[in-house]
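Please look through the sequence and the model shown here before reading on. The report then goes through selected parts of the fold.

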Amino acid sequence: MATAAQWISGARLRTLPLAVAPVLIGTGAAIGSVGGFTSFIIDDYTRNGHDHSLPQIFLRAALALIVSLCLQIGSNFANDYSDGVRGTDDVRVGPVRLTAAGLAEPSTVKRAALLFFGIAGVAGIVLVLISQAWWFLIVGAAAVAAAWFYTGGRKPYGYMGLGEVFVFVFFGLVATLGTMWMQVGGLSLSGWAGAIAIGSLASAVLMVNNLRDIPTDIEADKITLAVRLGDNRSRIAYASLVLVPFVLLVLPILDGHPAVALAILALVLALNPLKTVMRGTTGPGLIPPIKSTGLTALAFAALMGLGLAL
């Protein structure tokens with residue numbers, strides 16, 4: 001039976017910055033779209049019958065964060081379960097997996113995934129009730145389906161080289177723009193730039209993870225994008241995904257948010273993982289860049305979100 005520490009490890013806490021990051025950018029973009037922090041001193045922002053006050057924005061941000069975090073954890077357990085029962089994780093380079101290592105029954109890991117999906121669903125429904133954006137229920141259902149079918153089902157898209165595409169869409173565009181829309185009922189150029197940027201960084205994390213696993217994935221017939229691209233091109237793709245967000249900062253600056261230039265500071269955190277990946281490191285040596293890239297995404301999102309909100 002798995003210990004509490006092993007269950008926590010199975011939740012893959014190093015991936016959680018990718019769940020926090022889009023909410024930070026979406027919230028910053030929402031605040032910036034209604035005039036920034038200082039505007040709340042002179043206006044309560046009740047417009048067209050909708051409360052856009054700062055407490056309401058933070059309440060909706062908290063609910064969006066619960067949704068994002070629980071979807072990520074649920075996805076991690078679903079991945080553990082599906083890869084475990086398929087035998088994909090029988091030979092691992094990275095951290096131990098609950099199902100493959102026999103630390104927990106597959107059905108128990110599956111229930112853990114469904115539990116977190118359920119919590120995400122409840123928080124999402126509350127958020128929809130507050131915002132009255134009923135159409136977002138469909139988006140939420142699609143997000144849960146994307147989380148499950150990454151490695152679940154008969155034809156998981158993660159085994160067809162589409163993992164980075166779905167991560168970009170759901171942990172970039174959907175999570176960021178969804179957070180912004182739920183708070184202010186609209187989108188902005190800066191919000192789009194932030195969504196594309198954080199989607200790119202989230203895809204970079206998956207890319208370097210799959211780069212590490214190319215040899216074992218080939219053996220397990222798991223055709224990830226890294227397997228399709230091959231070692232060298234996967235490293236170039238990773239570097240591109242990491243650097244593109246910093247170029248995109250030009251858009252919110254031109255959109256009237258010069259303070260987002262603060263996010264350039266996150267480049268300092270990206271240098272070591274970039275060096276490690278580009279010098280040809282393989283196997284366990286690629287584990288630190290996975291964590292470092294996630295932290296880069298979090299720092300970038302926090303600084304960009306702050307810059308948008310000022």
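## Basis

The model is predicted, so local features are given only at pLDDT of at least 70 and side-chain atom pairs only at pLDDT 80 or more, while totals for chains, interfaces and linings use all residues. Residues are numbered from 1 along each chain as its sequence is written, and side-chain values use heavy atoms, without hydrogens or water.

Helices (H or I, at least four residues) and strands (E, at least two) are DSSP runs, numbered from the N terminus. A residue is buried under 20% relative accessible area, exposed over 50% and partly exposed in between, with a 1.4 Å probe and protein chains only. Contact means heavy atoms within 4.5 Å.

Helix α5 covers residues 136–148, 13 residues in total. From its first C-alpha to its last, α5 reaches 19 Å, close to the expected 18 Å; the expected span is 1.5 Å times one less than the number of residues. Phe136, Val139, Ala143, Ala146, Ala147 and Trp148 are the buried residues of α5. They pack against α3, α4 (106–131) and α6 (163–184).

Helix α7 (residues 189–212) has 24 residues and reaches 35 Å, close to the 34 Å expected. Most of α7 is covered, with 21 of its 24 residues buried.

## Nonpolar cores

A nonpolar core is a set of buried Ala, Val, Leu, Ile, Met, Phe, Trp, Tyr and Cys residues joined through side-chain atoms within 4.5 Å. The largest one has 72 residues, and Phe77, Tyr238, Phe300 and Met304 touch the most other members. Helix α7 gives the largest share of this core, ten residues. Apart from it lies another core of nine residues, including Leu63, Leu127, Phe136 and Val139.

Tyr238 is in contact with Ala204, Met207, Val208, Pro273, Leu274, Val277, Pro289 and Thr293, leaving aside neighbours within four places in sequence.

## The second largest pocket

On a 1 Å grid over the protein atoms alone, a pocket is an open set of points where a 1.4 Å probe fits, with protein on both sides within 12 Å along at least five of seven lines; lining residues have an atom within 4 Å of a point. Grid points are joined across faces, edges and corners, and a volume is the space filled by probe spheres set on the points. The second largest pocket holds about 190 Å³.

Its lining has 16 residues, and Val23, Leu24, Thr27, Gly28 and Phe58 lie nearest the centre. Two or more lining residues come from each of α2, α3 (54–86) and α13 (287–309). The largest share, six residues, is from α2. The lining divides into 13 nonpolar, three polar and no charged residues; Ala, Val, Leu, Ile, Met, Phe, Trp, Tyr, Cys and Pro count as nonpolar, Asp, Glu, Lys and Arg as charged, and the others, Gly among them, as polar.

## Single residues

Asp80 lies in helix α3 and counts as buried because its relative accessibility is 0%. Leaving out residues up to four places away in sequence, Asp80 touches Arg12, Arg97, Leu98, Thr99 and Val109. Arg12 is in the loop between α1 (4–10) and α2 (17–33). Its relative accessibility is 9%, so Arg12 counts as buried. Arg12 has a positive phi of about 55° although it is not a glycine.

Asp221, in the loop between α8 (214–219) and α9 (225–229), also has a positive phi, near 60°. At 56% relative accessibility, Asp221 counts as exposed.
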